[in-house]
Amino acid sequence: MDIEVKGHSGCQIDVVREGSELYVYKSSCDPGYLGRLVRQAEKQREAAIPEYQHIRVPRIHAIDRTDGKVQVKMDYVYSKNFVEYFEQAGFEQVRYLIGALIMYLEREIQSSPLRTVSRGIVTEKFADVKKKTLGNSILRDDAGTVSILERSQAVFDALDDMLIPVGMCHGDLTFSNILFNGNNYYLIDFLDSFIESPLLDIVKLRQDTAWLWSQLMYVHPFDTIRLRIAFGTIDRELDRHFTHRYEWYGRYYRPLQLMNFLRILQYAREPRVINYLKQTINEQLKEL
């Protein structure tokens, strides 16, 4: 049985039955994406080795690469997406999820020694983001976007070298990359990040809980009020937990969240998404 599923980033996703088992085959023939898909699969394979309470990572069974194609075979997980989960989850289930996420992030932090990250890494990344944003035909002549880039430049120019944990990092830890199976949560679609830090995973998670990004991208009807309440609860607990424990979180979360949304803006082309991103970034700039 083959079930073709629409994928992202130039990937095709197929669910294939082999005997009594189902597997996911993720593949791409995009020359510009092949290397990245291999790195993502290798990162997921490594992340599946440690055992976490309630947080799971689907096993990678094979990474096959030819000159023109990469194909990754991994476990299939029977699950709900984040909207299906939160529309049915009660308060206790949400609290259970909060505990599991914090436990996972704390495990990342404890496995990631504090290291000094040069401000040059951030300013170079912003220079690249700025170049691509101004190369976007929809954004380059937009006065609001130009203003955002100018004010963001000032933020990153003022940034010092950062002492933060460096090591373990999912790279794209949003709710759209979590599969929900009862009280077990499966992480998928690992990505390489310009800084491999648990702080970037907190940034990506709060991209959803504080700023509701995955809600914006969900295309089917859903209970927006219910999800806002659940996400607000999760966000307050995440922010309170890390604020009380880590000085580096309080110092560097906001500028890295700003960078995160600027990296999304550079590729945006849909008016509603652009408007959302500009409003969100302007709100963040007011806090910096």
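**Exercise 1. The cavity**

Task: How many cavities of 30 Å³ or more does the structure hold? Describe the largest cavity, its volume and its lining.

Solution. 
- Step 1. There is 1 cavity of 30 Å³ or more in the structure. The model is a predicted one.
- Step 2. About 60 Å³ is the volume of the largest cavity.
- Step 3. Its lining consists of Lys26, Leu37, Gln40, Ala41, Gln44, Val72, Met74, Asp189 and Phe190.
- Step 4. The most comes from α1, with 4 residues.
- Step 5. Sorted by class, the lining has 5 nonpolar, 2 polar and 2 charged residues.

**Exercise 2. Helices α3 and α8**

Task: At what angle do the axes of α3 and α8 cross, and is the crossing left-handed or right-handed? Then list the residues that meet.

Solution. 
- Step 1. Helix α3 spans residues 91-110, and helix α8 spans residues 224-245.
- Step 2. Their axes come within 10 Å and cross at roughly 35°.
- Step 3. The crossing of α3 and α8 is right-handed.
- Step 4. From α3 come Val94, Arg95, Leu97, Ile98, Ile102, Leu105, Glu106 and Ile109. They meet Ala230, Thr233, Ile234, Glu237, Leu238, His241, Phe242 and Arg245 of α8.
- Step 5. By class, this contact has 10 nonpolar, 2 polar and 4 charged residues.

**Exercise 3. Helices α5 and α10**

Task: How far apart are the axes of α5 and α10? Which residues of the two helices meet?

Solution. 
- Step 1. Helix α5 covers residues 143-157. Its axis and that of α10 are 11 Å apart, and the helices pack at an angle of about 35°.
- Step 2. α5 passes α10 in a left-handed crossing.
- Step 3. On the α5 side, the residues are Gly144, Thr145, Ile148, Arg151, Ser152 and Val155. On the α10 side, they are Lys278, Ile281, Asn282 and Leu285.
- Step 4. The contact of α5 with α10 has 4 nonpolar, 4 polar and 2 charged residues.

**Exercise 4. Two positive phi values**

Task: Where do histidine 54 and leucine 212 lie? What is the phi of histidine 54, and what is that of leucine 212?

Solution. 
- Step 1. Histidine 54 sits in the loop between α1 and β4 (55-56).
- Step 2. Its phi is positive, about 75°, although histidine 54 is not a glycine.
- Step 3. The relative accessible area of histidine 54 is 17%, so the residue is buried. The cut-off for buried is under 20%.
- Step 4. Leucine 212 belongs to the loop between α6 (198-209) and α7 (213-217).
- Step 5. Phi of leucine 212 is near 60°, again positive in a residue other than glycine.
- Step 6. With a relative accessible area of 14%, leucine 212 is buried.

**Exercise 5. Glutamine 266 and arginine 206**

Task: Why does glutamine 266 count as buried, and why does arginine 206? Which residues does each contact, neighbours within four places in sequence aside?

Solution. 
- Step 1. Glutamine 266 is placed in the loop between α9 (247-265) and α10 (271-287).
- Step 2. Glutamine 266 is buried because its relative accessible area is 7%.
- Step 3. Neighbours within four places in sequence aside, glutamine 266 contacts Asp128, Val129, Lys132, Thr133, Asn136 and Leu139.
- Step 4. Arginine 206 lies in helix α6. Arginine 206 counts as buried because its relative accessibility is 9%.
- Step 5. Residues up to four places away not counted, arginine 206 touches Trp211, Asp235, Leu238, Asp239, Tyr249, Tyr253 and Gln257.

**Exercise 6. Pairs separated in sequence**

Solution. 
- Step 1. Methionine 217 is in helix α7. At 39% relative accessibility, methionine 217 is partly exposed.
- Step 2. Asparagine 260 is part of helix α9. At 8% relative accessibility, asparagine 260 counts as buried.

Notes. Residues are numbered from 1 along each chain as its sequence is written. This is a predicted model: local features need pLDDT of at least 70, side-chain atom pairs count only at pLDDT 80 or more; totals for chains, interfaces and linings use all residues. Side-chain values use heavy atoms; hydrogens and water are left out. Buried means under 20% relative accessible area, exposed over 50%, partly exposed in between (1.4 Å probe, protein chains only). Contact means heavy atoms within 4.5 Å. Axes are lines fitted to C-alpha atoms, for helices over the stretch in contact, and angles run from 0 to 180 degrees between N-to-C directions. A crossing is left-handed if the near helix is turned anticlockwise from the far one by less than a right angle, and right-handed if clockwise. Ala, Val, Leu, Ile, Met, Phe, Trp, Tyr, Cys and Pro count as nonpolar, Asp, Glu, Lys and Arg as charged, and the others, Gly among them, as polar. On a 1 Å grid over the protein atoms alone, a cavity is a set of points where a 1.4 Å probe fits but cannot get out, and a pocket is an open set with protein on both sides within 12 Å along at least five of seven lines; lining residues have an atom within 4 Å of a point. Grid points are joined across faces, edges and corners, and a volume is the space filled by probe spheres set on the points.
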